[in-house]
Amino acid sequence: MKKIIAVIVLLLAVLIGGVIYQVNEKTTQDKLYADATIFFEEEDYKKAIQYFTEAAGHNNLFSGRLKTDLSYYQAEAHVKLGEYEEALAIYNALIAEGTKDSIPYVMKAVCLIGLEEEETAASIYKEGYEKTKDTELLYFLANQYITMEQYEDALQIIHTYQNTEDETTARK
């Protein structure tokens with residue numbers, strides 16, 4: 001009987017210790033995130049990236065959406081510094097997670113444009129639209145085609161957008 005009680009007490013101690021550790025990690029992560037956002041707002045992007053990276057290292061059971069937010073901020077800081085390759089790696093990871101959000105596609109295309117890969121950027125807008133069905137991506141795609149002086153392709157996208165909007169209105 002004493003062994004059973006000892007095992008139960010030991011398990012409770014381990015459980016309580018684990019919860020305390022997770023809470024401590026969450027507190028540390030929140031503090032680092034707050035500091036990072038201040039650096040980001042002050043446009044000290046190098047320091048912001050450092051703090052966002054450190055905050056991501058304190059991943060815990062309570063992180064929730066914060067992990068994704070850290071990734072978005074970190075990638076945007078890289079974009080602001082013109083570090084497109086680093087930002088691309090983050091946006092690729094977000095897309096690989098199967099997000100239904102169009103932002104990683106838009107920002108990945110922005111990075112590719114920064115790297116002067118306009119054709120690839122256009123294909124990312126297309127891919128994003130196909131995966132998310134966010135019609136805003138059609139606007140970006142048409143604009144990209146106009147920038148690339150591919151006016152026929154832009155016109156085709158505009159017609160696709162109009163048809164999509166007509167179908168949406170008809171369903172209502």
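This section describes helix packing, salt bridges and aromatic pairs in a predicted model.

Ala48 is located in helix H2, which comprises residues 45–56. With a relative accessibility of 0%, Ala48 is classed as buried. Apart from neighbours within four places in sequence, Ala48 makes contact with Ala36, Phe39 and Phe40. Between Ala48 and Lys67, which are 19 residues apart in sequence, the C-alpha to C-alpha separation is 15 Å.

Aromatic side chains were examined next. The model contains nine aromatic pairs. In one of them, formed by Tyr33 and Phe52, the ring centres are 6.3 Å apart and the planes lie at 55°, so the pair is classed as tilted. This pair links distant parts of the chain, with Tyr33 in helix H1 and Phe52 in helix H2, 19 residues apart. Tyr33 and Phe52 are both buried. A further pair, Phe40 and Tyr73, has ring centres 5.2 Å apart; its planes meet at 75°, and the pair is therefore edge-to-face. Because Phe40 belongs to helix H1 and Tyr73 to helix H3 (residues 66–80), this pair ties together parts that are 33 residues apart in sequence. The accessibilities of the two partners fall in separate classes: Phe40, at 12% relative accessibility, is buried, whereas Tyr73, at 29%, is partly exposed. Tyr33, Phe40, Phe52 and Tyr73 belong, together with Tyr45, to one aromatic cluster.

Four salt bridges are present in the structure. One of these joins the side chains of Asp30 and Lys26, with an N to O distance of 3.0 Å. Both residues lie in helix H1 (residues 2–41), where Asp30 and Lys26 are four residues apart, about one turn of the helix. Asp35 and Lys31 form another salt bridge, in which the closest N and O atoms are 3.0 Å apart. These two residues are also in helix H1, and because Asp35 and Lys31 are four residues apart, about one helical turn separates them.

Glu127 and Lys131 are separated by about one helical turn, because they are four residues apart in H6. Both partners are partly exposed, Glu127 at 26% relative accessibility and Lys131 at 45%.

Helix H6 itself covers residues 118–132, and its 15 residues should span 21 Å at 1.5 Å a residue; the end C-alpha atoms are 21 Å apart, in agreement with that expectation. The buried residues of H6 are Ala121, Ala122, Ile124, Tyr125, Gly128, Tyr129 and Thr132. Viewed down the helix axis, the buried residues of H6 fall within an arc of 155°, so they line one face of the helix. Glu119 and Glu130, which are exposed, are carried on the face of H6 turned away from the buried side. Just after H6, Lys133 adopts a positive phi of about 60°. Lys133 also lies over the face of Tyr129, 5.4 Å from the ring centre, and Tyr129 is among the buried residues of H6.

Terms used: Residues numbered from 1 in each chain as written. Predicted model: local features only at pLDDT ≥ 70, side-chain atom pairs only at ≥ 80, totals over all residues. Heavy atoms only, no water. Buried < 20%, exposed > 50% of the residue type's maximum accessible area, 1.4 Å probe, protein only. Contact = heavy atoms within 4.5 Å. Expected span 1.5 Å × (residues − 1). Arc of directions from axis to C-beta. Phe/Tyr/Trp six-rings, centres within 6.5 Å; stacked < 30°, edge-to-face > 60°. Lys NZ or Arg CZ within 6 Å of the ring centre and 35° of its normal.
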